[in-house]
Structure formats: C-alpha cells, structure tokens
Amino acid sequence: MSPLALAFTGTMFTFLATALGAATVYFFKKDIPQSIQRAFLGFAAGVMIAASVWSLLIPAMEMAAESGQNEWLPAAGGFVLGAAFLLLLDRLLPHLHAGSDEPEGLRSSFSRTTMLVLAVTLHNIPEGLAVGLAFGLAGGNSAISLSGAVALSMGMALQNFPEGAAISLPLKKEGLSNNRSFLLGALSGVVEPIAGVTGVLIAGSIVGVMPWFLAFAAGAMIYVVVEELIPEAHLGEHSHLGTLSVMLGFLVMMVLDVALA
C-alpha cells in the first residue's frame, strides 16, 4: 500500500473507535458518572504522553540522525511548533468543554452543541496527525515499523472510544436526539483522517521535514494533555483515580509500542 493509503487506513481505524464510543448514547440515559469520566480522561492522558515519547519523539530523533541532521533540533523545534499551533487554535477556535458554561476562543454566535463538538475536534487533530504520519512512514526504511504504527493506532483507538462517549452523551443532555448526538459525536473524529493524510502529503513533499512533523504531533498532543486532560481528570481536586488512570494509560501505550515494535 502507498503511504497515503496506509495513513488513511490507520486514521480510519481511530475514527471508527470514536464513532463506536459515540454509539454509547443509545445505551446510556444519563451522562457518564464523574468517577468513570476521571478514569477515561486520565487514561487518555497517559496514552498520549507515552505515544508522544515512544512513537513520535524517539523516532524523530532516530530519523534525523539517519539523515545526517542534528538529533535534538528537529525534535525540540517540532515539539515547540506543535504546542504553539495548538495554543493558537485554543485561543482562536470557539469551543466549549463538557461540564463548563464558559466558552473559550474568539467570541462567536455558534451554538453550545457546535462548540462542544469543536472542543473534541481540537484533541483529534494531533492524534490524527500522529497516526497518519506513523502509517505513512511504516513499511519503508524508517524509524517507525508497521507494527509500531499499529501499536500507536491501537493506543489512540483505546482512548478515542471513551472520547466519543464523552461528546455524544453531553450532546444528548443538551436535548439532542440519540441519532443526532451520535452523528455529531462520530463526526468529531472525521478530522483524524483529514489531519493524517494532509500531514503525510506535506511531509512527503519536503525532504528532511518528517522528523519535524513527528515532533510537531508530539508537542500538540502534550499541549492537550497538560492544558485539558490532566486538569479535567482531577476536576479541581486531588484524585487518586485520575492519577492512577494516567499511569495505567502510559503503561498500556508503552507496552503496546515496545511489544509490537
């Protein structure tokens, strides 16, 4: 398969996990209990931290060294650019987190439901970029093998399932029907194939830029983790469940990456 086809296939898998999570709206009448929500958010944070290190930053440095570049510069530079990109989107894109009454980003006339979907879409951009780049590189003489890309997509899918539920159930609580809540929850993950394929197209057309893009995805994901997932996993108070869930997510993603590499 071509790099683009691999990138599309890998990101479609994570998108389908989001859609499957959104389908829980048909089985639950109420929102997710706070304790379970903490566990899901913490687990997602741990997965994204481990994926940023093992699946993105380390391969970025290895690729840079193989091509004769400075090892740390693409990793550090791409990391900073990825965080800056998410910071810019966070400041500009109108969005609303579940359980909050205060929208973020520029003032707009968007409805609450639209801004709830946009909040999850922000998370999915770096995830799609990471999985797409990993699959785009897989199969060739690269620091990322096909099994490594599969491990990354599995980790992202594991945390996308509760993410899909975390958007569809609040939408139902806002008064939307089951079908519409599911559709909007699933559509929040469509950005993953788009980001993944776009990243491969850009990175593949410029020689030597791929390590920067891998680190870019890592920086964007770590921004999401520190800015949103970990604070929400603790929900304003000390939480052993949130902390242990972060550690469990990190452990699962680390084992997947090492065992399948």
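**Cavity and charges**

Author: Happy to: by the rule used here, the count comes to one cavity of 30 Å³ or more. A cavity is a set of points on a 1 Å grid over the protein atoms alone where a 1.4 Å probe fits but cannot get out. This is a predicted model, where local features need pLDDT of at least 70 and side-chain atom pairs count only at pLDDT 80 or more, while totals for chains, interfaces and linings use all residues. Residues are numbered from 1 along each chain as its sequence is written, and side-chain values use heavy atoms, with hydrogens and water left out.

Reader: What volume does the largest cavity have?

Author: About 290 Å³, where a volume is the space filled by probe spheres set on the grid points, which are joined across faces, edges and corners.

Reader: How do the lining residues divide into nonpolar, polar and charged?

Author: The lining has 13 nonpolar, four polar and three charged residues. Ala, Val, Leu, Ile, Met, Phe, Trp, Tyr, Cys and Pro count as nonpolar, Asp, Glu, Lys and Arg as charged, and the others, Gly among them, as polar.

Reader: Switching to charges, how many salt bridges does the count come to?

Author: The count comes to one salt bridge, meaning a side-chain nitrogen of Lys or Arg within 4 Å of a carboxyl oxygen of Asp or Glu. Glu174 pairs with Arg112, and the closest N and O atoms are 2.9 Å apart. The two come from distant parts of the chain, 62 residues apart, with Glu174 in the loop between α5 and α6 (178–187) and Arg112 in helix α4.

Reader: Why does Glu174 count as partly exposed?

Author: Because Glu174 has 35% relative accessibility. Arg112 also counts as partly exposed, because its value is 34%.

Reader: OK, and what about Asp257, is it buried or exposed?

Author: Asp257 is buried yet has no salt bridge, and the nearest side chain of opposite charge, Arg38, is 29 Å away. For charge, Lys and Arg count as positive and Asp and Glu as negative, leaving out His and the chain ends. Asp257 lies in helix α9 (residues 240–260).

Reader: Which side chain does Asp257 join through a polar contact?

Author: That of Ser55, at 2.6 Å. A polar contact is a pair of N or O atoms within 3.5 Å; within protein, one must be able to donate a hydrogen and the other to accept it, and residues adjacent in sequence count only if both atoms are side-chain atoms.

Reader: Last one: why does Glu228 count as buried?

Author: Because Glu228 has 5% relative accessibility. Glu228 lies in helix α8, and its C-alpha is 9.1 Å from that of Ala45, 183 residues apart along the chain.

Terms used. 1 Å grid on protein atoms, 1.4 Å probe; cavity = no way out; pocket = protein on both sides within 12 Å on 5 of 7 lines; lining within 4 Å. Helix = DSSP H or I, 4+ residues; strand = E, 2+ residues; numbered from the N terminus. Buried < 20%, exposed > 50% of the residue type's maximum accessible area, 1.4 Å probe, protein only.
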